[in-house]
Amino acid sequence: MIDFKSKKGFICDMDGVIYQGNKLLPGVKEFVQWLQEEGKQYLFLTNNSGLTQRELRQKLLRMGLDVPEKNFYTSALATAKFLSRQSPGCSVYAVGEAGLLNALYDAGIIMNDVNPDYVVIGEARSYSLETLTKAVNLVLGGAKLIGANSDVSGPIENGIAPACRALVAPIEMATGKQAYFCGKPNPLMMRTGLRLLDCHSEDAVIIGDRMDTDIISGLESGIETVLVLSGISDRNTPSTFAYQPTMILDGVGDIVRIAADQTLVSPKKATGKE
């Protein structure tokens with residue numbers, strides 16, 4: 001059992017945890033209200049590279065949630081930060097949406113489809129045989145291959161959609177080159193999340209719907225983990241992995257209920273009474 005009342009920082013995935021497609025998941029409003037009323041530090045840390053912080057804020061506003069832009073951090077921002085530190089002023093051929101492209105521009109990275117230093121792939125509706133062929137030949141020509149995140153798929157309203165890892169895989173197969181992924185479970189992204197929360201790992205909890213990104217991220221960063229079953233995982237999913245989450249819940253709304261129960265029992269623990 002995690003003592004949610006004592007935790008200072010909450011790192012939450014979004015797809016499959018907060019919403020599915022354009023549908024807010026049950027218990028989310030109550031959870032966000034609890035975070036805000038309790039004065040918790042929280043960060044929506046998403047591997048989806050497609051949307052900017054402003055677009056994520058607007059998306060939640062349309063669903064009835066008011067969350068400041070500073071409370072979002074994406075794999076697109078993590079990718080731009082990684083590249084700007086590895087090779088300041090580098091050039092890239094990027095395949096992705098506004099979230100990725102804006103993050104790269106803001107980091108001072110130059111777009112180049114002739115002889116770039118890097119080929120960068122994120123979630124992209126514009127992905128096609130033409131862009132795939134272009135990316136393959138640029139990598140064969142010496143560009144290094146970067147993926148915004150290693151998610152193979154993600155939940156949508158009526159099923160699942162291929163995610164970044166699935167789009168990178170054909171380039172890896174055609175070139176024999178392996179991509180470097182900047183999003184979860186890369187510990188660089190988790191350390192940035194903790195810094196943004198101004199929180200130590202033992203005072204934080206990470207909430208996600210994926211064992212292979214969210215839960216392993218927390219495990220390898222020393223953060224307690226909650227697997228929610230509102231997204232891509234079910235109760236049998238953890239049994240297929242060598243590691244386990246700290247807790248399994250149906251959704252984030254359960255955290256509010258558990259925290260309320262912990263408030264009721266804490267005075268008894270303090271007095272030593274049953």
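So, which residues do ring pairs link into a cluster? They're Phe 4, Phe 10, Phe 31 and Trp 34. For pairing, rings of Phe, Tyr and Trp (its six-membered ring) need centres within 6.5 Å; planes under 30 degrees apart are stacked, over 60 edge-to-face, and the rest tilted.

Quick caveats: this is a predicted model, where local features need pLDDT of at least 70 and side-chain atom pairs 80 or more, while totals for chains, interfaces and linings use all residues. Residues are numbered from 1 along each chain as its sequence is written, and side-chain values use heavy atoms, leaving out hydrogens and water.

Searching the whole structure turns up eight aromatic pairs. One of them is Phe 44 with Phe 72, tilted, with 5.7 Å centre to centre and 45° between the planes. Phe 44 is in strand β4 (residues 41–46) and Phe 72 in strand β5 (residues 72–74), so this pair ties together parts 28 residues apart in sequence. Strands here are DSSP E runs of at least two residues, helices H or I runs of at least four, both numbered from the N terminus. Both Phe 44 and Phe 72 are buried, meaning under 20% relative accessible area, with exposed over 50% and partly exposed in between (1.4 Å probe, protein chains only).

Charges meet rings too. Lys 59 has its charged end over the ring of Tyr 19, 4.0 Å from the centre; "over" means NZ of Lys or CZ of Arg within 6 Å of the ring centre and within 35 degrees of the ring normal. Likewise, Lys 144 lies over the face of Tyr 118, 5.9 Å from the ring centre.
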